[in-house]
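Dear colleague,

Please find the structure we discussed below. My notes on it follow.

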Amino acid sequence: LKVDASPQLARQIPDTLFGIFFEEINHAGAGGIWAELVSNRGFEAGGPHTPSNIDPWSIIGDDSSIFVATDRTSCFSRNTVALRMEVLCDNCPAGGVGIYNPGFWGMNIEDGKTYNLVMYVKSPETVELTVCLTSSDGLQNLASTTIPVSDASNWTKLEQKLVAKGTNRTSRLQITANKKGVVWFDQVSLMPSDTYKGHGFRTELISMMLDLKPRFLRFPGGCFVEGEWLRNAFRWRESIGPWEERPGHFGDVWHYWTDDGLGYYEFLQLSEDLGAAPIWVFNNGISHNDEVDTAAIAPFVKDVLDSLEFARGSADSTWGSVRAAMGHPEPFPVKYVAIGNEDCGKKFYRGNYLKFYNAIREAYPDIQMISNCDASSRPLDHPADLYDFHVYTDSKTLFSMKNTFDRSSRNGPKAFVSEYAVWRSDAGRGSLLASLAEAAFLTGLEKNSDVVQMASYAPLFVNNNDQTWNPDAIVFNSWQQYGTPSYWMQTLFRESSGAMIHPITITSSYSGSLAASAITWQDSENSYLRVKIINFGSDAVSLTISATGLQARVNAVGSTATVLTSSNVMDENSFSNPNKVVPVKSQLSDAAEQMQVTLAPHSFSSFDLAL
Ligand code: AHR
């Protein structure tokens with residue numbers, strides 16, 4: 001494998017090349033990175049008809065001791081459903097009667113940690129509520145407090161800190177009373193006090209995102225943006241402002257309710273916290289099953305312009321002031337927007353697209369706009385700065401797709417490979433094989449990064465209790481998380497964005513099952529020549545790596561080899577064995593301009609030669 005590292009043949013990879021795509025799918029947000037522990041906190045998930053289903057809230061007590069139903073007496077005008085609880089007993093069972101919420105498949109309550117409870121209550125009489133964090137059967141008491149509710153004939157906000165005196169991964173929040181009386185509840189929230197930067201994100205999941213050093217964050221979908229029907233699409237306006245006032249919505253593509261605590265503002269905040277450029281994918285008046293005629297799209301265009309003012313406007317602009325009131329007077333630097341998701345073939349796509357495109361270009365000339373139409377093999381019939389390219393396929397096909405962009409036009413919009421993954425037959429639940437094919441595909445994107453500006457794996461997260469889409473990069477439950485090989489594969493590309501790429505040639509009888517790239521990059525101490533090689537075949541392969549044109553000698557001290565492999569190509573990680581397929585790093589004591597390496601069967605090796 002020959003690397004020509006001479007400066008005149010080197011090219012800089014875009015700073016933005018590798019980032020992440022976050023979609024509200026698989027409970028990635030609600031019950032995932034958004035740390036809210038209560039599911040259906042406003043009792044809205046059953047819909048506006050009352051009395052409605054309050055799932056997953058459940059009742060403690062029987063027909064003779066308690067009566068619970070929803071009505072529409074909430075103090076919040078955009079989410080009017082509230083819960084009315086009538087305690088019928090005076091000699092109530094021990095422990096009282098009431099309601100409990102199991103969160104998202106159980107709340108992770110940890111010893112010594114503080115949990116912030118907020119709830120809105122109303123009662124015409126004086127009642128005493130007991131609020132507890134308990135095990136799923138209610139028997140183990142992890143934290144408890146009594147809250148007297150008096151003088152609350154109007155809605156009253158109650159706040160309480162609960163400190164856990166034990167650990168239970170599948171806990172529930174229960175609210176009980178043991179005397180006759182009526183109480184209404186609304187917007188019951190329980191948040192751990194140690195969220196990332198106090199911004200409401202689950203810290204350990206954010207760390208896994210940070211470890212990818214993402215250069216951009218595409219959000220919030222995916223199909224989530226579109227909806228099966230427009231009425232269920234993500235609407236940014238409904239997802240901002242005080243959390244209590246957000247109506248929430250049913251995501252009908254992935255089939256679950258979200259309270260929209262993780263809303264447009266929080267996505268922008270997340271981008272900032274990750275140091276990633278926000279890429280706002282907005283609904284363009286098209287869902288999976290219905291479309292707004294271009295003749296009627298103007299209000300949707302205005303809505304998107306408002307969303308951009310919300311992000312970028314000064315604190316005294318109409319929408320910028322709403323952002324400022326939420327705690328972020330400085331604008332968020334939105335420089336990219338995607339006009340819809342996977343809608344290129346739809347009847348009104350082009351018409352709607354142009355309306356959005358022209359209005360945004362005029363108001364924000366610096367914003368780069370992303371079309372849903374693939375221009376990798378033929379020119380677009382409309383203006384765009386970038387175009388989406390999505391690929392989900394088997395591993396052999398994706399491996400061979402490393403050459404996809406070799407033939408793409410060097411003029412016109414750049415590619416945004418905003419969703420790629422191996423799936424179905426040979427993906428398992430995230431196999432080594434899948435990650436090798438994906439790595440090979442990414443070396444092709446590095447090589448073609450004069451026309452490919454960005455790339456992101458999809459989907460990023462899955463709550464193990466709701467795997468709607470398989471495979472995914474990060475698997476979690478209420479308290480654990482692990483990366484699939486596809487996650488770990490991406491960590492070996494995190495230094496590529498902004499690095500210099502060099503031409504390589506491979507001469508080997510195995511070249512059909514090899515993929516490789518060479519970059520130079522720097523950390524705070526050293527420069528490195530990084531040669532990444534994927535051996536997609538089942539034989540070990542010996543290669544001589546020889547580098548010419550380097551600006552400094554290779555230093556064995558500080559040189560390393562990192563290898564992602566396993567004994568079986570279908571091996572996966574799991575909660576019980578999270579590190580079965582992870583990169584293993586070792587010193588490369590024989591690193592030199594010319595060196596011999598042996599690539600294990602089915603492996604991804606990354607050689608960092610210190611310069
Ligand atoms: O990543 C899962 C889904 O795949 C996305 O929502 C959609 O854009 C694509 O079809």
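Among contacts in the protein between residues at least 6 apart in sequence, what percentage join residues at least 24 apart? The figure is 74%, where a contact means that two C-beta atoms, placed from the backbone, lie within 7 Å.

Two points on how to read the rest. This is a predicted model, in which local features need pLDDT of at least 70 and side-chain atom pairs count only at pLDDT 80 or more, while totals for chains, interfaces and linings use all residues. Residues are numbered from 1 along each chain as its sequence is written.

Overall fold

The protein has nine helices and 35 strands; these are DSSP runs numbered from the N terminus, with helices being H or I of at least four residues and strands E of at least two. Its radius of gyration is 27 Å, close to the 25 Å that the globule rule gives for 611 residues, so the protein is as compact as a globular protein of that length. The radius is taken over C-alpha atoms, and the rule is 2.2 Å times the number of residues to the power 0.38. Along the principal axes, the C-alpha atoms fill a box of roughly 85 × 55 × 40 Å. Of the 611 residues, 50% count as buried, that is, with 20 or more other C-beta atoms within 10 Å of their own, C-beta atoms being placed from the backbone.

Sheets

β31 (residues 541–548) runs antiparallel to β34, and six bridges join the two. Isoleucine 545 stands opposite methionine 595 in β34.

Another open sheet, also mixed, has three strands in the order β24-β25-β26. Here β24 (461–463) and β26 (481–483) are the edges. The twist averages 20° from one strand to the next, with axes as lines fitted to C-alpha atoms, for helices over the stretch in contact, and angles from 0 to 180 degrees between N-to-C directions. Three bridges join β25 (residues 474–476) to the antiparallel β26, and valine 475 has tyrosine 482 in β26 as its bridge partner. Helix α1 (residues 203–210) lies across β25 and β26, at about 15° to β26.

Ligand

The residues surrounding the ligand include Glu23, Asn341, Glu419 and Trp469, the criterion being a C-beta atom, placed from the backbone, within 6 Å.

Regards

Methods
Buried ≥ 20, exposed ≤ 12 C-beta atoms within 10 Å, placed from the backbone. Pairing = 2+ DSSP bridges.
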